[in-house]
Amino acid sequence: MRSRTLTLAAVAGAALLATAALPASASGTVTPRSAQEGSVSAAALLAKVTSCSQISSGKYKTDDETSATIPVCGKNGAVFWKADMDIDCDGQVTSKCNGDADPWFQDDTAFHQSDGKPLRAESLPYVVVPSTSSIWKYTSYGIKGGGVVAVIYNNKVEYAVVGDTGPTQIIGEASYATAKALGIDPDPATGGADSGVTYILFKNSQVSPIESHSAAVSLGDSLAQQFLRNN
């Protein structure tokens with residue numbers, strides 16, 4: 001995840017570059033399925049996160065230019081926040097995620113596939129967590145790479161994994177595949193959602209292998225049902 005600080009002119013230029021042809025070596029991808037995923041409805045999950053018991057020492061910004069207004073909240077078996085969604089296209093180079101399409105592109109992710117390669121943002125739904133700081137340390141609350149996340153937007157649920165880390169003061173980012181599955185514009189330069197995205201991260205969970213989205217859905221659905229029973 002990167003801090004989004006480019007000028008409007010630079011963003012516009014990046015959008016134009018995104019239309020350029022890629023080298024023949026650039027890899028393709030598989031389009032994720034449409035949400036809703038699993039048996040637990042968005043409404044049922046959202047009903048459990050209407051109030052916040054703040055566990056972070058401070059609050060986060062959603063972008064560099066905004067005020068810090070987003071707390072990390074605690075529930076039985078999970079943590080959650082409600083924010084925007086910036087698009088993370090980091091990891092393996094694909095037709096949609098590369099240095100031409102994404103002005104902030106990095107060819108690595110904090111957590112890797114079972115074969116040691118970076119994750120594929122274009123095809124794998126994953127969420128970015130803020131790097132450890134005085135505001136919040138995600139590992140102290142049972143959150144780890146490959147942990148299951150229920151991402152909720154516009155009455156849809158998409159199960160993702162914790163796949164990358166980002167700036168210490170900004171929250172609210174997920175992979176190209178996560179956005180696309182939820183009907184959010186996944187363009188890394190111009191897409192995303194300004195608000196209305198809920199992220200529920202299930203404590204002490206881990207998908208293996210991290211790149212198996214079907215495993216994330218299966219485990220996520222089970223954890224979501226447990227979350228409803230325990231809250």
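Select C52 first: in this predicted model, its relative accessible area is 39%, so C52 is partly exposed. A disulfide joins C52 to C73, with an S to S distance of 2.0 Å. C52 lies in the loop between α2 (42-46) and β1 (73-75), while C73 sits in strand β1. The two cysteines are 21 residues apart, and the pair links distant parts of the chain.

Is C73 buried or exposed? C73 counts as buried, because its relative accessibility is 3% and the cut-off for buried is under 20%. Look along the S-S bond next. The torsion about the S-S bond of C52 and C73 is about -100°, so this disulfide is left-handed.

How many disulfides does the structure hold? There are two. For the other, select C89 and C97, which are joined with an S to S distance of 1.9 Å. C89 counts as buried at 0% relative accessibility, and C97 is buried as well, with a relative accessible area of 0%. The torsion about the S-S bond of C89 and C97 is about -65°, so this disulfide is left-handed. With bonded cysteines counted along the chain, the pattern of the disulfides is 1-2, 3-4.

**Aromatic pairs**

W136 counts as buried at 2% relative accessibility, whereas Y141, at 28%, counts as partly exposed.

Move to F202 and F227, an aromatic pair that is edge-to-face. The ring centres are 6.0 Å apart, with 75° between the planes. F202 belongs to strand β7 (residues 193-202) and F227 to helix α4 (residues 213-230). This pair, too, links distant parts of the chain, its members being 25 residues apart. F202 is buried, with a relative accessible area of 3%, and F227 is buried at 2%.

Then select W81, W136, Y141 and Y199 together: these residues form one aromatic cluster.

**Around F202**

Keep F202 selected and display its contacts. Which residues does F202 touch, leaving out those up to four places away in sequence? The list is G77, A78, G142, I143, V148, A150, Y159, G220, L223, A224 and F227. F227 is the edge-to-face partner of F202 described above.

**The nonpolar core**

Finish with the largest nonpolar core, which has 59 residues. To find the residues with the most contacts inside this core, select W81, M85, Y199, I200 and F202. W81 and Y199 are also members of the aromatic cluster.

Colour the elements that give two or more residues to the core: α2, β2 (78-88), β3 (126-130), β4 (148-153), β5 (156-166), α3 (176-181), β7 and α4. Which element gives the largest share? Strand β2 does, with seven residues.

Note on methods. Residues numbered from 1 in each chain as written. Predicted model: local features only at pLDDT ≥ 70, side-chain atom pairs only at ≥ 80, totals over all residues. Heavy atoms only, no water. Disulfide = S-S within 2.5 Å. Helix = DSSP H or I, 4+ residues; strand = E, 2+ residues; numbered from the N terminus. Buried < 20%, exposed > 50% of the residue type's maximum accessible area, 1.4 Å probe, protein only. Phe/Tyr/Trp six-rings, centres within 6.5 Å; stacked < 30°, edge-to-face > 60°. Core = buried A, V, L, I, M, F, W, Y, C linked by side-chain atoms within 4.5 Å. Contact = heavy atoms within 4.5 Å.
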